[in-house]
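Biologist: Please take a close look at one part of this model for me, the aromatic side chains. How are they placed, and how do they pair?

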Amino acid sequence: MGRASESVSEDLNRFMELALDQAKCAFDNLEVPIGCVIVEDGEVIATGFNRTTETRNATRHAEMEAIDTLLEKWQKCGLNKSQVAQKFSNCILYVTCEPCIMCAMALSILGIREVYFGCANDKFGGCGSILSLHKGETDNKCSDGASQSKGFKCMGGYMADEAISLLKSFYEQGNPNDLFRLIGIILDLYL
């Protein structure tokens with residue numbers, strides 16, 4: 001193995017470990033344990049973990065949390081739409097689970113360069129398990145006829161066992177938020 005490929009492998013492991021740390025934060029906050037980091041030029045520029053329960057918003061997946069952090073940051077810096085697109089084209093996402101259809105489409109529209117993920121998402125995966133939105137071959141067109149979907153390089157299976165282990169631990173304990181939701185429904189009925 002050459003020096004360059006060793007460096008890439010070390011970076012991949014380091015950034016996947018950081019994504020797993022984010023997934024553990026989600027777990028500790030009673031959220032489905034999925035986490036991610038976005039990297040530009042070898043530096044982490046955004047992190048995210050699932051916050052769907054906390055926010056009561058089903059779109060608050062780890063990837064969307066990280067994307068929104070960057071969009072806010074770059075808008076505050078005064079970057080225009082094409083500059084933001086250029087920034088995303090230099091970014092790599094490391095995420096513990098295959099992006100769902102919603103997140104994969106968002107990543108494709110934003111034009112992220114690469115995505116590395118842990119385990120497959122057999123129910124909602126947008127990067128090969130259900131749909132292959134990373135290939136950018138959708139009929140989703142802008143009003144001027146240009147494709148909104150750019151596609152991106154995507155590879156999975158990195159630290160998948162660790163990601164699966166976290167997910168299993170979460171679901172084996174029973175999703176505590178299901179219990180909280182049930183209690184809330186019962187209280188609403190009687191109050």
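**Aromatic pairs**

Modeller: Start with Phe 88, which is buried at a relative accessible area of 1%. Buried means under 20% relative accessible area, exposed means over 50%, and partly exposed lies in between (1.4 Å probe, protein chains only). This is a predicted model, where local features need pLDDT of at least 70 and side-chain atom pairs count only at pLDDT 80 or more, while totals for chains, interfaces and linings use all residues. Residues are numbered from 1 along each chain as its sequence is written, and side-chain values use heavy atoms, with hydrogens and water left out.

Six aromatic pairs occur in the structure. Rings of Phe, Tyr and Trp (its six-membered ring) pair if their centres lie within 6.5 Å; planes under 30 degrees apart are stacked, over 60 edge-to-face, the rest tilted.

Phe 88 pairs with Trp 74. Their ring centres lie 5.0 Å apart and their planes meet at 75°, so this pair is edge-to-face. It links distant parts of the chain, 14 residues apart: Trp 74 sits in helix α3 (residues 62–76), Phe 88 in helix α4 (residues 81–88). Helices (H or I, at least four residues) and strands (E, at least two) are DSSP runs, numbered from the N terminus. Trp 74 is also buried, at 3%.

Now Tyr 116 and Tyr 158. Their centres are 5.7 Å apart and their planes are at 70°, so they too are edge-to-face. Tyr 116 is in strand β4 (residues 114–119), and Tyr 158 is in the loop between β5 (153–156) and α6 (160–172), 42 residues apart. Tyr 116 is buried at 9%. Tyr 158 is partly exposed at 25%.
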